[in-house]
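I am opening a notebook on a structure that is new to me. The entries below follow the order in which I looked things up.

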Amino acid sequence: MLNVLIVGGSGYSGAELVNYIHRHQFARIKKIFVSKSSINIGKLFSDIYPEYTKIINLSFESIENFVLIKEHIDVVFLATDHHISHTLVPFFMKYNYFVLDLSGAYRVKNTKIYSKYYGFSHLYENILKKSVYGLAEWNYKKIQKAQLIAVPGCYATCIQLALKPLIEMNVLSKSYIPVINAISGVSGAGRNPSINNSFCEVSLAPYNVFKHRHTPEVTEHLGIPVIFIPHLGAFKRGIIATITCKLIKNFKLNQIYNIYDTFYKNKSLIRIYKSGFPSIKAVVKLPFCDIGFTIKDEYLVIVTAEDNLLKGAAAQAIQCFNIRYGFPETESII
């Protein structure tokens with residue numbers, strides 16, 4: 001039985017982690033820590049998330065109490081802001097824990113990206129070089145040997161899962177940059193209230209065009225440029241992305257389906273549509289990434305959907321955890 005520490009369990013993705021680990025047959029939660037200034041210190045998890053009343057009775061503790069249990073931890077999940085993860089990852093790695101970081105602090109190898117897109121200078125380039133990008137369906141072997149997993153961003157997950165089979169098969173035309181229009185629910189902005197994620201203020205609109213931090217993450221790991229246009233929608237959770245790309249020649253729809261089936265037929269959390277398109281309704285509160293497509297001449301439109309808090313965050317983190325320790329890949333997830 002592995003002892004697990006979750007830091008940041010009061011946020012939306014952190015709460016999903018708590019739920020998954022609580023029902024995991026090979027792991028148990030030792031503590032849920034929050035920052036020393038958190039208003040949730042001393043509260044029960046079920047005080048914040050009442051749906052878990054009489055199910056999960058753990059309380060939130062200050063991370064200052066870490067020293068009391070440091071010798072009884074195997075795995076640390078960080079559901080923290082990238083500024084905080086940037087500092088906490090080396091702190092926990094010095095104890096030789098296996099660390100899974102859900103922030104963006106260790107996803108991109110190019111340190112210049114952090115100053116430009118994240119607002120801080122990366123101070124731990126040696127650790128950054130060792131981080132393994134946790135796109136579970138594609139980095140399985142590296143995940144098995146990792147000490148640090150950088151769990152991909154929510155947008156970045158569904159975009160890459162949609163495009164990577166085409167890139168691997170070398171069927172994308174280099175004359176046309178894939179254009180991605182993606183819409184996320186407001187939970188992607190986190191749990192802390194602000195005017196920007198108030199349902200009374202949110203209207204479907206693009207934001208951070210050419211400036212979103214998932215753009216360099218996607219381009220680095222795909223190895224091709226993309227045009228990424230994120231949108232905020234007036235709904236709670238889920239992401240749907242429509243990707244327009246050009247192929248090197250005319251393909252039939254069944255040929256495209258066969259490409260995806262070749263790569264994902266044994267991947268339990270990927271669902272490929274033979275007809276029709278994915279929807280947010282079909283993935284909310286589920287750990288799947290759904291992919292569908294249509295084609296006309298040399299142009300392919302891919303539609304992909306996921307729950308941003310699950311396959312876009314917590315479910316993928318647990319998937320990587322399971323791979324790392326040789327557990328069934330979907331243990332506690334489905």
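What is the order of the seven strands in the open sheet? I read it as β3-β2-β1-β4-β5-β7-β6, with parallel pairing. I am working from a predicted model, in which local features need pLDDT of at least 70, side-chain atom pairs count only at pLDDT 80 or more, and totals for chains, interfaces and linings use all residues. Residues are numbered from 1 along each chain as its sequence is written, and side-chain values use heavy atoms, with hydrogens and water left out.

Entry on the sheet. I take helices (H or I, at least four residues) and strands (E, at least two) as DSSP runs, numbered from the N terminus. Two strands pair if DSSP finds at least two bridges between them. The edge strands, each pairing on one side only, are β3 (60-62) and β6 (132-133). I looked up β1 with β2 and found parallel pairing over six bridges. Val7 stands opposite Phe33 in β2.

Entry on the cores. A nonpolar core is a set of buried Ala, Val, Leu, Ile, Met, Phe, Trp, Tyr and Cys residues joined through side-chain atoms within 4.5 Å. Buried means under 20% relative accessible area, exposed over 50%, and partly exposed in between (1.4 Å probe, protein chains only). The largest core has 42 residues, and Ile21, Phe45, Phe77, Ile149 and Phe321 touch the most other members. Elements that give two or more residues to this core include β1 (2-7), α1 (12-22), β4 (75-78) and α10 (310-325). Of these elements, α10 gives the most, with nine residues. I then listed the contacts (heavy atoms within 4.5 Å) of Phe77. Leaving out residues up to four places away in sequence, Phe77 touches, among others, Val4, Ile6, Leu17, Ile21, Leu100 and Phe321. I also noted a second, separate core of 38 residues, which includes Val171, Val218, Ile243 and Ile272.

Entry on α8. In this helix (residues 214-222), I found His214, Thr215, Pro216, Glu217, Val218 and Leu222 buried. The cover over these buried residues includes α4 (112-118), β6, α7 (154-168) and β10. Just after α8, Gly223 takes a positive phi of about 80°.

Entry on Gly233. Where is Gly233? I found Gly233 in the loop between β10 (227-232) and β11 (239-246). Gly233 counts as buried because its relative accessibility is 1%. Apart from neighbours within four places in sequence, Gly233 is in contact with Ile183, Ser184, Gly185, Val186, Val202 and Leu204. Ala146 is 87 residues from Gly233 along the chain, and their C-alpha atoms are separated by 36 Å.
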